[in-house]
Amino acid sequence: MMANAAKAKTRTFTQKARRAQIVQAAIETLAESGYAKASFTRISQQAKLSSTGMISYHFSGKPELFAEVAGTIIGQAAEFMAARIADESTHRGRLSAYITACFDFIARHPVQTRALMEIVRMVQDGHITGLDDVEDSVTSVDGLVELLEQGCAAGEFGTFDCPTMALAVRGAMDSVLRHHKCSSPEQLQQATRELVAMFDRCTRPT
């Protein structure tokens with residue numbers, strides 16, 4: 001990890017731009033073709049590179065490339081959600097923003113979302129090693145637990161086990177996404193509103 005960080009600091013502007021180009025091409029290839037067909041050949045064609053050697057020059061292999069792809073998407077989602085949550089002045093508002101921002105990011109960035117899900121599937125199916133932390137990052141509820149704990153301490157929420165409630169929120173969100181993945185944006189928005197209203201009721205002080 002320290003070695004990778006040191007390398008990142010010494011990369012030139014051109015090297016960083018080329019890596020970003022490759023990462024974007026990998027995102028598009030994963031989203032369009034799935035991880036089974038996301039070869040260096042396809043990625044280099046998507047990036048309009050002269051050969052796969054240019055990918056190998058910047059990345060030691062698929063694990064390093066896909067780890068950077070996942071990190072890029074997770075970072076974009078986290079930044080998007082953090083900005084929306086920060087706009088709220090109450091913990092109840094932040095919980096609602098957490099739910100709506102997640103769905104909004106997915107709706108606005110379908111390519112990145114599909115690419116990240118392909119990487120998670122790749123890890124779960126055992127087709128790539130060394131990326132377990134990616135799945136952990138995607139499924140983590142640590143930030144949501146902290147939000148709920150702060151809301152409970154402030155008296156905005158009722159008394160409940162915050163880790164369990166966080167898992168309930170994420171589980172419901174994942175279920176809605178699976179059910180509505182082929183639905184219209186309007187149907188997904190309606191489901192999001194229902195989910196926000198439901199957990200607003202569930203977390204209210206008695």
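Colleague: How far does helix H2 reach from its first C-alpha to its last?

Modeller: Helix H2 covers residues 13-33 and has 21 residues; helices (H or I, at least four residues) and strands (E, at least two) are DSSP runs, numbered from the N terminus. The expected span of a helix is 1.5 Å times one less than its number of residues. For H2 the expected value is 30 Å, and the reach from end to end is close to that, at 30 Å.

Colleague: What kind of model is this, and which pLDDT do side-chain atom pairs need?

Modeller: Residues are numbered from 1 along each chain as its sequence is written, and side-chain values use heavy atoms, with hydrogens and water left out. This is a predicted model in which totals for chains, interfaces and linings use all residues, local features need pLDDT of at least 70, and side-chain atom pairs count only at pLDDT 80 or more.

Colleague: Which helices do the buried residues of H2 pack against?

Modeller: Buried means under 20% relative accessible area, exposed over 50%, and partly exposed in between, with a 1.4 Å probe and protein chains only. In H2 the buried residues are Arg19, Ile22, Val23, Ala25, Ala26, Ile27, Thr29, Leu30 and Ala31. Taking contact as heavy atoms within 4.5 Å, they pack against helix H3 (40-46), helix H4 (53-58), helix H5 (62-86) and helix H7 (110-124).

Colleague: Are H2 and H7 roughly parallel or roughly perpendicular to each other?

Modeller: Axes are lines fitted to C-alpha atoms, for helices over the stretch in contact, and angles run from 0 to 180 degrees between N-to-C directions. Angles under 35 degrees count as roughly parallel, over 145 as roughly antiparallel, 65 to 115 as roughly perpendicular and the rest as oblique. H2 and H7 pack with their axes 8 Å apart, at an angle of about 75°. The two helices are therefore roughly perpendicular.

Colleague: How do the residues of the contact of H2 with H7 divide?

Modeller: From H2, Ile27, Glu28, Leu30 and Ala31 meet Val111, Gln112, Arg114, Ala115, Glu118, Ile119 and Met122 of H7. Ala, Val, Leu, Ile, Met, Phe, Trp, Tyr, Cys and Pro count as nonpolar, Asp, Glu, Lys and Arg as charged, and the others, Gly among them, as polar. The contact divides into seven nonpolar, one polar and three charged.

Colleague: What distance separates the end C-alpha atoms of H5?

Modeller: The buried residues of H5 include Phe66, Ile73 and Phe80, and among the helices they pack against are H2, helix H6 (91-108) and helix H8 (132-139). With 25 residues at 1.5 Å each, H5 should span 36 Å. The distance between its end C-alpha atoms agrees with this, at 35 Å.

Colleague: Is Lys48 buried or exposed?

Modeller: Lys48 lies in the loop between H3 and H4. It has a positive phi of about 60° although it is not a glycine. With a relative accessible area of 74%, Lys48 is exposed.
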